[in-house]
Amino acid sequence: MDIKSNILETIGNTPLIKLNKITRQFPATVVAKVDYFNPGNSIKDRMAVKMIEVAEKEGKLKPGGTIIECTSGNTGMGLALAACVKGYKCIFTTTDKQSKEKVDILKAVGAEVIVCPTNVEPDDPRSYYSVARRLAKEIPNSFHCNQYDNLANRLAHYETTGPEIWKQTDGKITHLVCTAGTGGTVTGTAMYLKEKNPNIKIWAIDVYGSLLTKYFRTGKVDMKEVHPYISEGFGEDFVPENYDMSVIDHFEQVTDRDGAIMARRLAKDEGLFCGYSAGSCLQGLMQIAANEPLKKDDLVVCIFHDHGSRYVAKIYNDQWMMERGFMDVKTFKDIINGRTGKQKLVTIEPNRTVAQAVELMRKYDIEHIPVINGSGPVGAISESGLFQKIFSNPDIKNATIETVMEPAYPIVDLNTPIEKLRTLINKDNGAVLSKDELGNYHIVTKYDVILALGS
């Protein structure tokens with residue numbers, strides 16, 4: 001019988017999957033090493049277990065001890081799985097830019113998670129690096145993994161990721177493309193592959209706001225390169241010791257927007273529901289290949305680190321994408337599709353009272369209510385309009401809506417361009433309506449248009 005002793009024995013041996021649609025412009029074969037097939041849904045499972053095994057061997061981690069680490073989420077998941085099996089406690093520090101899903105998952109597997117501010121220097125006492133170091137000094141029988149400078153990180157990929165790729169491609173790999181963060185994956189995998197064939201090109205993908213690309217090109221740490229970025233899981237504001245830049249041939253930077261959009265394309269076009277770094281990895285390849293064309297016999301391996309489930313509230317959320325200007329808003333339909341919650345339109349009948357309309361506005365925190373009877377919209381009630389009427393006549397609260405309502409909001413097609421909506425919404429008319437295929441009405445307000453145009 002083929003029965004695993006525990007969950008850790010399922011780590012590794014992840015598949016190579018050919019990309020067919022997004023990369024069809026290339027004469028080369030492009031495949032993805034999809035490491036979300038690991039039990040913790042990321043490539044970090046490999047190095048997490050390796051760091052623990054090395055620490056145990058060296059006597060740095062003893063039975064009943066506490067594992068401490070600063071993590072963007074994935075390394076923590078791998079460490080937490082190992083801790084469950086081996087009987088350790090876990091305390092993780094992370095940053096406030098990481099997705100809520102990552103924090104919740106870590107807590108689900110028994111870890112304590114401390115969220116620290118993102119926009120502080122690495123040596124700031126509040127940074128997630130500093131907090132982890134402090135906890136390791138304060139807590140007895142604890143071990144700070146320090147994935148950035150712990151060479152067991154890259155050793156894991158030298159021993160597993162590199163050999164797997166070499167075997168799966170029958171040694172025919174010509175290019176490796178991988179996002180660069182702690183340096184463990186790209187360096188360890190590259191070290192193995194370069195030993196097998198020094199002609200293999202190693203392309204590291206970075207993000208704007210990280211200093212790694214500048215350091216690779218100049219050998220200098222330039223803090224002027226560092227600024228906040230949204231991309232998760234790669235890029236750094238210092239140079240971890242896991243790096244050996246001599247095995248990397250090129251660094252390419254990708255914008256937050258382009259990485260997010262490409263991740264969504266991977267899900268829709270290739271059926272690969274991956275994390276932020278996978279989109280950035282493939283986008284980086286597209287940028288490099290535009291200047292360094294691939295050949296027919298090339299075999300390109302892109303490492304896709306983690307699963308898209310950890311980014312559902314971010315890059316896979318239309319509203320989140322729109323708010324950051326990552327997704328174009330073109331029509332009425334785009335605006336309503338980008339909303340979270342999909343709350344049913346609040347309406348009121350003309351025979352209801354002004355007081356009831358005010359209560360609805362208060363309850364749902366809205367400014368505009370269409371007045372609808374059996375035949376459809378017949379008028380509208382707005383917060384500003386009611387304010388003027390109630391201010392001049394306080395007793396109007398008991399009046400019926402039909403005696404005070406404003407003209408009905410214009411009804412437009414769902415595909416009406418946002419530029420047209422802008423002309424229809426003005427100081428006298430604060431909203432427009434549209435009806436979907438099921439006959440349900442939807443509303444777009446002045447605020448919606450301003451938000452869409454400003455993103």
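The briefing below begins with the whole chain and then turns to a sheet and to the pockets.

The model described here is predicted. Its protein chain has 455 residues, of which 54% are buried, and its secondary structure comes to 15 helices and 14 strands.

**The chain as a whole**

- Along its principal axes, the C-alpha trace of the protein chain spans about 80 × 55 × 55 Å.
- When contacts between residues at least 6 apart in sequence are considered, 67% of them join residues that are at least 24 apart.

**A sheet of four strands**

- Four strands form an open sheet in the order β5-β4-β3-β6, and their pairing is parallel.
- The edges of this sheet are β5 (112-116) and β6 (142-144), each of which pairs on one side only.
- From one strand to the next, the twist of the sheet averages 20°.
- Strand β4, which covers residues 89-95, runs parallel to β5 and is joined to β5 by five bridges.
- Within this pairing, Ile 91 has Glu 112 in β5 as its bridge partner.
- In general, the strands of a sheet pair through backbone hydrogen bonds, and the pairing is either parallel or antiparallel.

**The largest pocket**

- The largest pocket holds about 1,400 Å³ of space, and 44 residues line it, with Arg 339, Ile 366, Ile 443, Thr 445 and Asp 448 lying nearest its centre.
- Two or more lining residues come from each of the elements α10 (318-323), α11 (332-337), β11 (368-373), α13 (383-392), β14 (441-445) and α15 (446-454).
- Of the elements that contribute to this lining, α15 gives the most, with five residues.
- By residue type, the lining of the largest pocket divides into 15 nonpolar, 17 polar and twelve charged residues.

**The second largest pocket**

- The second largest pocket has a volume of about 540 Å³, and among the 32 residues that line it, Lys 97, Thr 118, Tyr 129, Tyr 229 and Asp 237 are the closest to its centre.
- The lining of the second largest pocket is made up of eleven nonpolar, 15 polar and six charged residues.

Terms used:
Residues numbered from 1 in each chain as written. Predicted model: local features only at pLDDT ≥ 70, side-chain atom pairs only at ≥ 80, totals over all residues. Heavy atoms only, no water. 1 Å grid on protein atoms, 1.4 Å probe; cavity = no way out; pocket = protein on both sides within 12 Å on 5 of 7 lines; lining within 4 Å. Points joined across faces, edges and corners; volume = space filled by probe spheres on them. Nonpolar A, V, L, I, M, F, W, Y, C, P; charged D, E, K, R; others polar. Pairing = 2+ DSSP bridges. Axes fitted to C-alpha atoms, helices over the stretch in contact; angles between N-to-C directions. Buried < 20%, exposed > 50% of the residue type's maximum accessible area, 1.4 Å probe, protein only. Contact = heavy atoms within 4.5 Å.
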